[in-house]
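Subject: Structure for your files, with notes

Hello,

Here is the structure I said I would pass on. My notes follow it.

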Amino acid sequence: MTAVQHAFRKGWCPGVRRPMLTGDGQIVRIRPRCGRLWASDLAAVAELARDCGSGLIDLTRRANIQIRGLRPGSLSVLWPALDALGLADATADAEAARNVVVGPLAGLDPAEAMDVRPLASALEDALLREAADLRLPGKFGFIVDGGGHLSLDDERADILLRAVRSVEGAEIAIGIDRRDGVRWLLLVAPGDAVAAAMRVVHAFSRLPRRDGARMSALSDAEIEALEQALDGFGRAASDFQCARAASKRPLGIVSFDGRPIAVGLAPPFGRVGAADLLAIARRAIDLGLTELRVSPWRSFYVPVPDAKIAGEMLAVAEAHGMITTFGDPLLAIDACPGAPACASAELDTRAAARALAPLLAGLGCKTAHVSGCHKGCARSKAADLVLVGDGGRFRVVRHGTVRDLAIGFVTPDAISSLPSLSRLL
């Protein structure tokens, strides 16, 4: 009996925890190791989504994959299949602890200070070894970033490891999340980075737990305790200012110095059908492409060797509904699954987002968030325009989040009318 089968009989689910129940059934989450999936594994995941679920697959903001709408009895097929693919951890605690996001072009981006994939893998291994002893709140996470053209500077995590250039070649900046941004604690040699990060993790886990508070909620005294735990590691980063890279999330053919290195593909609102994903994965295999990288921007990056292969990959992606142009207005909108997929939502958020997309430029909005309820799962940061499901209509928020006061209300059938929205804004 495999670990997954044994866990299933005990009533809990390793690798993907207990499935979440939503409006369209159960959801299972897959957390790819170091953000990478073999193309053959992605094809298998698409087949599992088709055979065990509703045939819908979501990409998440933590670079995870979700299989939606699992049918009754399908878990007995799904768990062993994920186990055989190496996509399930030994315990639910291990999967929860291994919440590490890696830059999607790690090892490919020539502007990186170093290839951080070995560092990310070592961090995941350390978290897995100690998962049972860690007392970390839900969604406690890590970012490992090489600092290249596709940096993760705009993303948030409780603990950040960022490669920076130094006279020795490269160092790793260790930072923690604060409400006003990243607080950089230390600069260490790459070989010491995982040990330093784990020191911070253990120091955090020893703090008195306050209703699941995460790193950004710690007091100044608690931050001092974390800093004291790092005595003897590296050098202080009190004067260090991490040079933020310009925010880039290119899609289509991604080239540096005229050489294509990857193709970026984004399903609208992070959702793709199993048949489309299977066709894309199989074509990648036919072209000799072995892997796909998952990004926190609800997109895939497929490493490619040359322009010809890149063009062929781009063509099949476009034929199966993928967004391959960064300027597509749908990319400006974060939209949760909405009704009927989510039990908390009463309105069809994806339909509202599609109606809103062509109007954004005319409304003077560069970002938008359409949420089916007050939880705002699809986006935590402020947006130029926010629509929040409230009964049979949307609350309208300008330059804020779902928690801010509304300036008015709009019904779903009025969203496509530019004058209706313009009067509110």
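Which helices and strands do the buried residues of helix 5 pack against? This is a predicted model, and in it they pack against helix 4 (92-97), strand 6 (100-102), strand 7 (142-145), strand 8 (159-164), strand 9 (171-178) and helix 6 (193-205).

Helix 5

Helix 5 covers residues 117-129. At 1.5 Å a residue, its 13 residues should span 18 Å, and the C-alpha atoms at its ends are 18 Å apart, so expectation and model agree. The buried residues of this helix are Leu119, Ala120, Leu123, Glu124, Ala126 and Leu127. Looking down the axis of helix 5, these buried residues fall within an arc of 160 degrees, so they line one face of the helix. In general, an α-helix has 3.6 residues a turn, so residues three or four places apart point the same way. On the face of helix 5 turned away from the buried side are the exposed residues Pro118 and Arg129.

Arginine 135 sits in the loop between helix 5 and strand 7. Its relative accessibility is 42%, so arginine 135 counts as partly exposed. A polar atom of its side chain lies 2.5 Å from the backbone oxygen of serine 205. Arginine 135 is 10 residues from aspartate 125 in sequence, and the two C-alpha atoms are 17 Å apart in space.

Aromatic residues

There are 3 aromatic pairs in the structure. One of them joins phenylalanine 140 and phenylalanine 204 in a tilted arrangement, with 4.9 Å centre to centre and 40 degrees between the planes. This pair links distant parts of the chain: phenylalanine 140 is in the loop between helix 5 and strand 7, phenylalanine 204 is in helix 6, and 64 residues separate them. Phenylalanine 140 counts as buried at 2% relative accessibility, and phenylalanine 204 counts as buried at 0%. Tryptophan 297 and tyrosine 301 make an edge-to-face pair, 6.4 Å centre to centre with 85 degrees between the planes.

Two arginines lie over aromatic rings. Arginine 36 is over the face of tryptophan 38, at 4.3 Å from the ring centre. Arginine 393 has its charged end over the ring of phenylalanine 409, 3.6 Å from the centre of that ring.

Helix 9 and what follows

How is its N-terminal end capped? Aspartate 306 does this, with a side-chain oxygen 3.2 Å from the backbone nitrogen of lysine 308. Buried in helix 9 are Ile309, Ala310, Met313, Leu314, Val316 and Ala317. The elements covering these buried residues include strand 12 (252-256), strand 13 (259-265), helix 8 (274-286) and strand 16 (300-303).

Glycine 321 follows helix 9 and has a positive phi, near 85 degrees. Is threonine 324 buried or exposed? Its relative accessible area is 11%, under the 20% cut-off, so threonine 324 is buried. Its side chain makes a polar contact of 2.7 Å with the side chain of glutamate 318. Leaving aside residues up to four places away in sequence, threonine 324 touches Leu251, Gly252, Gly264, Leu265, Leu314, Ala317 and Glu318. Of these, Leu314 and Ala317 are also among the buried residues of helix 9.

A buried glutamate

Glutamate 95 lies in helix 4, one of the elements against which the buried residues of helix 5 pack. At 0% relative accessibility, glutamate 95 counts as buried. Its side chain makes a polar contact of 2.8 Å with the side chain of arginine 29.

Regards

How values were computed:
Residues numbered from 1 in each chain as written. Predicted model: local features only at pLDDT ≥ 70, side-chain atom pairs only at ≥ 80, totals over all residues. Heavy atoms only, no water. Helix = DSSP H or I, 4+ residues; strand = E, 2+ residues; numbered from the N terminus. Expected span 1.5 Å × (residues − 1). Buried < 20%, exposed > 50% of the residue type's maximum accessible area, 1.4 Å probe, protein only. Arc of directions from axis to C-beta. Contact = heavy atoms within 4.5 Å. Polar contact = N/O pair within 3.5 Å; in protein donor to acceptor, adjacent residues only side chain to side chain. Phe/Tyr/Trp six-rings, centres within 6.5 Å; stacked < 30°, edge-to-face > 60°. Lys NZ or Arg CZ within 6 Å of the ring centre and 35° of its normal.
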